[in-house]
Amino acid sequence: MSMRLGCVPTIVVSSPRAAEIFLKTHDTVFASRPTVQVAEYLPYGAKGMVFTQYGPYWRNVRKFCTLELLSATKIDSFAAMRREELESLVRSLKETVVAHEVVDVTEKVAVVIENMTYRMLFGRSKDDRFDLKANVVEAIRLAGAFNLADFVPLLGALDLQGMTRGLKAISKALDKILETIIDEHVQEAKSGHKKYANDFVDVMLSLMNKSTNTHDQLSYVIDPIKIKAIILDMISGGIDTSATAIDWTLTELIRHPKVMKQLQEELQSVMGVDGMLDESNLAKLEYLNMVIKESFRLHPVAPLLAPHESMEDIVIDGYYIPKKSRIIVNSWAIGRDPNVWSDNAEEFIPERFIGSNRDLRGHNFELTPFGSGRRGCPGMHLGLVNIRSVVARFVHGFDWELPNGIATF
Ligand code: HEM
């Protein structure tokens, strides 16, 4: 479907075939991001990845993150930390169960993912001195909100929706927090009394002012602004996405007790009685992986992915698409299309993946919760490890049911 949002030609992609054309066949043409007016006022603007236009700068930052920070080896090296956080949460939940207390599971999941993310980034859990996430969430809210000025640029200077003002204030607050965190890492390293080591800030500081083999050109060496921009990308891209996906998966499981039971059986056979999770077992949990795919199919946490922008004029299937068109991939609609998933597309049936090679890693355009191609999510491995671990541990450790006899499927 094509339409015009203000001055911007916009294509909405709603079928796997079209998604493949835009995200694979012509990925090089559509791999940029639109310049949104607020990006100018976002902390560090387009110095990270998410909002940065396609080009050598973005390519180098992305390559740096993929190789130095988000590689499977690096992520897997934090397995013991994740297990410690998860076990501590399970213990505290067990206490609330014994005491018959009400507990907000959504909040607990959000906190455990937040702590795991901060420990990986900064070497310590949530710091009570400042609320980093609340500021990031507000920045994302402002950046993601519909901004008239993006479609009618003449209105930009008027800041009719107050977005510029809001973002300037948030940027200042975030910069102060990140400066403190980085300074503390520098001071600890200098003093030789480093309490924490090997977190992402350490890795980036150790590579600062050096050209690494992941950089094509010396001009792209890491510097303090890039460190802060990358940290923000990871907090904004990594925390709420994983926590929301866990919430949806647990919700569907609670609504489908037969699926929950079958998953518990698989978990007991692989994880044993104590249920302590060894992440190297995650790949063996085939039914869990089907459950997570099915949950992503119905509830993609980024239902329209992130907007792409075309970098040159192109004709596709006889349609002319001008340079600087906006591309929105409707992953939500594709995931529920009966032509793709049959008449039971609206139902939660993990078994639909038995014997199918449909995966969610961006090779099958029926299921692209992490996007695909050059702009596909660089944090997918981490996101999947987080989701699988928490769901596996929660379903193994507890029997879940809806309250007050609410009907299930
Ligand atoms: C459930 C977990 C996650 C989901 C569903 C998810 C989904 C996505 C999606 C749909 C995109 C946009 C793809 C596109 O434009 O085509 C994206 C981009 C991105 N994600 Fe994730 N993500 C998750 C976890 C993470 C994590 C854990 C991190 C980092 C720690 C992360 C960092 C990023 C970054 C930096 C981008 C921008 C990439 C670029 O523009 O080059 N994400 N993610």
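Predicted model: local features only at pLDDT ≥ 70, side-chain atom pairs only at ≥ 80, totals over all residues.
Residues are numbered from 1 along each chain as its sequence is written, and side-chain values use heavy atoms, with hydrogens and water left out.

## The sheet around β2

Strand β2 (residues 8-13) and strand β6 (residues 326-329) pair in the parallel sense over four bridges, where two strands are taken to pair if DSSP finds at least two bridges between them. Helices (H or I, at least four residues) and strands (E, at least two) are DSSP runs, numbered from the N terminus. With strand β1 (residues 2-5), by contrast, β2 runs antiparallel, and four bridges join the two. Within that pairing, Met 3 has Thr 10 as its bridge partner in β2, and Arg 4 stands opposite Pro 9. β1 and β2 form a hairpin with two residues between them, and Gly 6 in the turn has a positive phi of about 60°.

These strands belong to an open sheet of four strands with mixed pairing, in the order β1-β2-β6-β3. Its edge strands are β1 and β3 (308-309), each of which pairs on one side only.

How many of the six residues of β2 are buried? Six of the six are buried, so the strand is largely enclosed by the rest of the structure; buried means under 20% relative accessible area, exposed over 50%, and partly exposed in between (1.4 Å probe, protein chains only). Val 8, Thr 10 and Val 12 point one way from β2, while Pro 9, Ile 11 and Val 13 point the other way, and all are buried.

Ser 15 is found in the loop between β2 and α1 (16-25), and at 27% relative accessibility Ser 15 counts as partly exposed. Although Ser 15 and Val 340 are 325 residues apart in sequence, they are 8.6 Å apart in space, C-alpha to C-alpha.

## The ligand and its shell

The iron atom of the ligand has Cys 377 (SG) as its only protein donor, at 2.3 Å. Donors are N, O and S atoms within 2.8 Å of the metal (3.2 Å for Na, K and Ca), and since water is not among the atoms, sites may look incomplete. Cys 377 lies in the loop between α15 (338-341) and α16 (380-397) and is partly exposed, with a relative accessible area of 33%.

Of the 26 residues around the ligand, Arg 33, Trp 58, His 308, Arg 375 and Cys 377 come nearest, a residue being near a molecule or strand if one of its heavy atoms lies within 4 Å of it. By class, this shell has 15 nonpolar, eight polar and three charged residues; Ala, Val, Leu, Ile, Met, Phe, Trp, Tyr, Cys and Pro count as nonpolar, Asp, Glu, Lys and Arg as charged, and the others, Gly among them, as polar. Helices α3 (56-69), α11 (224-255) and α16 each supply at least two residues of the shell, and α11 gives the largest share, five residues.

| Side chain | Distance to a ligand oxygen atom |
|---|---|
| Arg 33 | 2.9 Å |
| His 308 | 2.8 Å |
| Arg 375 | 2.7 Å |

## His 396 and the cysteines

His 396 has its place in helix α16 and counts as buried at 11% relative accessibility. The side chain of His 396 reaches the backbone oxygen of Gly 272 at 2.7 Å.

The structure holds zero disulfides, a disulfide being a pair of cysteine sulfur atoms within 2.5 Å. Cys 65 is in no disulfide, and the nearest cysteine sulfur, that of Cys 377, is 11 Å away. Cys 65 is buried, with a relative accessible area of 0%.

Conventions: Polar contact = N/O pair within 3.5 Å; in protein donor to acceptor, adjacent residues only side chain to side chain.
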